Amino acid sequence: MALVLTEEQTMLRDSARGLIGDKAPVAHFRKLRDERDATGFSRELWNSFAEMGFAGLLVPEAFGGSGLGCVEAGVVMEEIGRNLTPSPFLATAVLAASALARGGSDAQKKQYLPKIADGSLIAALAVDEGAKHRPSRIAMTATRAGNGFKLKGDKALVVDGHVADLLIVAARSSGKPGDADGLTLFLVDPKAKGVAIERTVMVDAHNAARISFDDVEVNADQVLGEVDRGGALLEAVLNVGRAAVAAEMLGVADEAFGRTVSYLKERKQFGRLIGEFQALQHRAAHLYTEIEILRAAVLKALQAVDADATEARVAVAVAKAKAGTVTTLAVQEGVQMHGGMGMTDQFDIGLFMKRARVLQELLGDANYHAEMLAEWKKY
Amino acid sequence: MTDTSDLEQFRAETRAWLEANCPTEMRKPMQGDEDNFWGGRNATFASDAQKVWFERMRDKGWTVPDWPTQYGGGGLDGARHKILREEMAAIGARSPLSSFGIWMLGPALLKYGNEAQKAEHLPKIARGEIRWCQGYSEPNAGSDLASLQTRAVPDGDDFIINGSKIWTSYANYADWIFCLVRTDASAKKHDGISFILFDMTSKGVTTKPILLISGKSPFCETFFDNVRVPQSHVVGTINRGWDVAKYLLQHERAMISGMGGRDGGRPLGQVAALSLGTDDQGKLDDPVLRGQIATFDVDEAALACAAERAVDLAKAGQLHPAFSSAMKYYGTELNKRRHEILMSAGGIDALEWESERSHDGARARAWLRTKANSIEGGTSEVMLGIVAKRILDLPGA
C-alpha cells in the first residue's frame, strides 16, 4: 500500500480540517478552560462530529457507523491535535468503539455502537493504575461472586472518565501483576454502587479522571470478550489508540512548528528578522526533518493497525516512541524560539507544550515503546 | 492503471526467476568493497557467482530496471520496479552492478542529455562497460561548490580544460568523468558553469589517491593539464551546468541517505549481544547502551518509513524537490550514530587496526569512514541551509 493518503482520505482530511478549524480552533479550547466548563467539551460540537460521521467512523455500518479504518481516524486525530480540540473522539469513537466492535457480543454491539455513532453515548477506557502506562502490570482485581464479579482497585488518567456514560475497565480476574493471561475487560455503569469518580484537572486542561472501584458488582453479561483472555483484546485496542494518539501528536507538533516558523518570519531583533539567524534556521530545518519522518511513521502505523492490530505492534511502537521525542522537541523549540512571549499564557504555543506532555504519557511514552521494541527484538 | 492481477503475476514470475537465477553466494550480505561489482573497461569479477549474477541481470535490463529498454534498461514502471526491489530484498539479493553511472549520471543524462549522448552513454552504463567518476569538488570549492575554478576555454570545436578536482571517488579506476568546469569566468558564479563528459585516458589527466583517517580510500585528487574535450560533450546548455549539477546532487543525496541500509547491516542489538553478552533475562549487559540502541532502532525504522513515503510521494508528483536534502542530512547523521554504537558495543576488540582477527580493523575503519557521510555530497550544515531556504522559506537563508 502506498504510504500516502488516498483521494478519499484527503477529502476526509479537508472536511475535518474545515469543521474543526472553523468550529473548534484553539480559542474554543481556551473558552472551555477559562470558564472551567464542567463537561470539558462541547456537546454541540460533538453533535456536529456525529452528523459528519466522525463519531461512528470506526463503528461498522451494520451498527450505524461508517465502517472506516484507523487511517481515517488518524486523519481526524491529527486535526484535533492541530487545534487542541477537547473532544470525546479518542475515548469514545476510537478506544471504546474499537473495543466493542472487536470484542463485543452481538447484544453488546447492538446496545452501544449505534449510540456511539449517533453521538448520544460517551464512553471511556480505564487501564492505567500507577504513575506510568504498564498494562501488563494491572493489579485491579475482578473476583468471582455469584454469577458475576466484584471489581476492586483504582484507575488513573481515564480520559473523559467524569463525563462517561459507560466505562470499559481492565481488571485482573486471575494470576498476578505481570502475567500475560488473566485480564478481563468489563462494561461498567459509572453510576453503579462503589464507583467513585474524581475529575482530575490536568496540566493541559483536557479531560481526565481518577476512578476507584470498591467491590463494584458486575454480572456475566458485562464481560467484554473472554474471561481471563482480555489481554489480547486490550492490546489490540491499545494499539489502535496508540496509533491514533501518535496522529494527534503529529498534529500538535506540526502546528507548533508552523506557528514557530511564522514567528521566525515576523519577529525582528538586532534590526533583522530572527529567521535570518543560522542558529535558528538549522534547528528549524532539523525539526522539519523530524516531523516529516514522524508523519511517515504515523501513517505506517495506522495502515498496519488497519491490516492487523496485533501484528502492528512494532509499527505502533515506532510511531508512538517517535511521536514522543519529536513532539517534545517541537513544543520545546516552539516555546524557546518564541522567546519571552512563548512563556505567556496569552500566546498559544505554551498550550501545545502542555498538551504534548500529556499525550507523551498517554498509552505509553517514548521510553516504554522503545523498551517494547528492544524486548521484541530480543536484546 | 495496471490491473492488480497483472502485478501479482509479475511478482510470481519475478520471484521464480530470481530463485532460479540468483546464485546463493549473491544472497549474502556484502562484506567489503570487493563484493561490489563496478564494471568498466578493466572490470574484474571477485567470483564466478558475481559474474553470472551480473550477466543474467544485465541481459534482463535489470541493472537499471526502470530505464527505457532502448537504453539497455528493463523498462519497468514504478509498481513493477518496486516489486522487483521487494523480491530482491526478500532473498537478500545483492545489487548486480554498483555504478556512479547508474546512481548519478544516468538520471541527469535522461533529463538533460541530447539523443546522441543518451544513445552513446546510457547503454554502456547499463551494461557495465564504462565506469564513471564525478568531478565536482575542488580544493577551494567544497561546500561552496559553485565557486569552482577548473577552467574550460574554447579552442575551435573543443574546450581546453585546466584545473584540479578533489574527492573524485575511484578516479584511478574510472574510464570517464562527468565534470563541472567554468566556461564563463565573468558571469555570476552559478551562471558560468558547464557540465561536461570526457575520457579519463585523455592526454593531460592524472590522478593521485588520498589516504584518509580510515586508511585506504577510493578518493583521489585529479589533475587536468590542457585536456582537450569536444564542445559537443557538454550536457545541457553551455553555462547552464549548475542546473544539471543540482539535479544530479539530488540523486547523489538520495543515494547517500540510503547507505546505512544498503550495507546489509545486521540488527545492532544482535551485534551488541555477541560482544557484550546478556543477563539472565537476555538483556544486553549494558543498560545504557541498550537504551541507545532501542532509540536508534526507533529512529531507523521511522526513517525507513520516510524513505518509502518519499518514493510514493514522488510517484504521486507531491515530493518537494529539496526533500532529498532533509533525508541526506538525517540518514547520514543516523549512520554515524549506528557506527558509534557499534564501536561502543565492540569495546577493546573494535580498536584493533591491523590484526586478522579484526579483518584489518574493519569495524574501526568503517566507523571512521562514516564521518565523511555528513560531509560528502553536501555537508549536514549545507543540507539544513537548503531545507531552511527552499522548504521553510526562511528569510536571507
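What percentage of the 397 residues of chain B count as buried? The figure is 39%, where buried means that 20 or more other C-beta atoms, placed from the backbone, lie within 10 Å of the residue's own, exposed means 12 or fewer, and partly exposed is in between.

These legends describe a predicted model, in which local features need pLDDT of at least 70 and side-chain atom pairs count only at pLDDT 80 or more, while totals for chains, interfaces and linings use all residues. Residues are numbered from 1 along each chain as its sequence is written, and chains are lettered from A and ligands numbered from 1 in the order in which they are written.

**Figure 1. Chain A as a whole.**
Chain A contains 11 helices and 10 strands. Helices (H or I, at least four residues) and strands (E, at least two) are DSSP runs, numbered from the N terminus. Along the principal axes, the C-alpha atoms of chain A fill a box of roughly 80 × 50 × 40 Å. The radius of gyration of chain A is 21 Å, which agrees with the value near 21 Å for a compact globule of 379 residues. That radius is taken over C-alpha atoms, and the globule rule is 2.2 Å times the number of residues to the power 0.38. Of the 379 residues in chain A, 55% are buried. Two residues are in contact if their C-beta atoms, placed from the backbone, lie within 7 Å. Among contacts in chain A between residues at least 6 apart in sequence, 74% join residues at least 24 apart.

**Figure 2. Helix 7 of chain A.**
This helix has 35 residues, and 50 Å separate its first C-alpha from its last. That is close to the 51 Å expected at 1.5 Å a residue, the expected span being 1.5 Å times one less than the number of residues. Helix 7 of chain A is largely enclosed by the rest of the structure, because 30 of its 35 residues are buried.

**Figure 3. Helix 10 of chain A and its surroundings.**
Helix 10 of chain A covers residues 349-361, and its buried residues include Ile349(A), Phe352(A), Ala356(A) and Leu359(A). Arg355(A) and Gln360(A) are also buried. The buried residues of this helix pack against helix 2 (26-34), helix 7 (230-264), helix 9 (313-337) and helix 11 (366-376) of chain A. Just after helix 10 of chain A, Leu363(A) takes a positive phi of about 60°. Most residues other than glycine have a negative phi.

**Figure 4. Chain B as a whole.**
Chain B has 12 helices and eight strands. Its C-alpha trace spans about 80 × 50 × 50 Å along the principal axes. With 397 residues, a compact globule would have a radius of gyration near 21 Å, and the 22 Å of chain B agrees with this. Of the contacts in chain B with a separation of 6 or more, 70% are between residues 24 or more positions apart. Over residues 259-264 of chain B, pLDDT stays under 50.

An unreviewed UniProt entry places "domain: Acyl-CoA dehydrogenase/oxidase N-terminal" at residues 6-129 of chain B. In the model this span is 55% helix and 0% strand, with its end C-alpha atoms 33 Å apart. The UniProt annotation "domain: Acyl-CoA oxidase/dehydrogenase middle", also from an unreviewed entry, covers residues 133-227 of chain B. Residues 133-227 of chain B are 0% helix and 46% strand, and their end C-alpha atoms lie 16 Å apart. UniProt positions are in the numbering used here, feature names are shortened, and annotations may be inferred rather than shown by experiment.

Trp167(B) is not a glycine, yet has a positive phi of about 65°. Trp167(B) sits in the loop between strand 3 (158-166) and strand 4 (176-182) of chain B. Trp167(B) is buried because 23 other C-beta atoms lie within 10 Å. Asp393(B), not a glycine either, has a positive phi of about 55°. Asp393(B) lies in the segment after helix 12 of chain B and counts as exposed, with 11 C-beta neighbours inside 10 Å.

**Figure 5. Where chain B touches chain A.**
Here 37 residues of chain B are in contact with 33 residues of chain A. On the chain B side, helix 8 (268-276), helix 9 (287-315), helix 10 (323-346) and helix 12 (380-391) each supply at least two residues. Helix 9 of chain B gives the largest share, 15 residues. The residues on this side of chain B divide into 25 nonpolar, six polar and six charged. Ala, Val, Leu, Ile, Met, Phe, Trp, Tyr, Cys and Pro count as nonpolar, Asp, Glu, Lys and Arg as charged, and the others, Gly among them, as polar. The model scores ipTM 0.96 and pTM 0.90.

How values were computed. pLDDT = per-residue confidence, 0-100.
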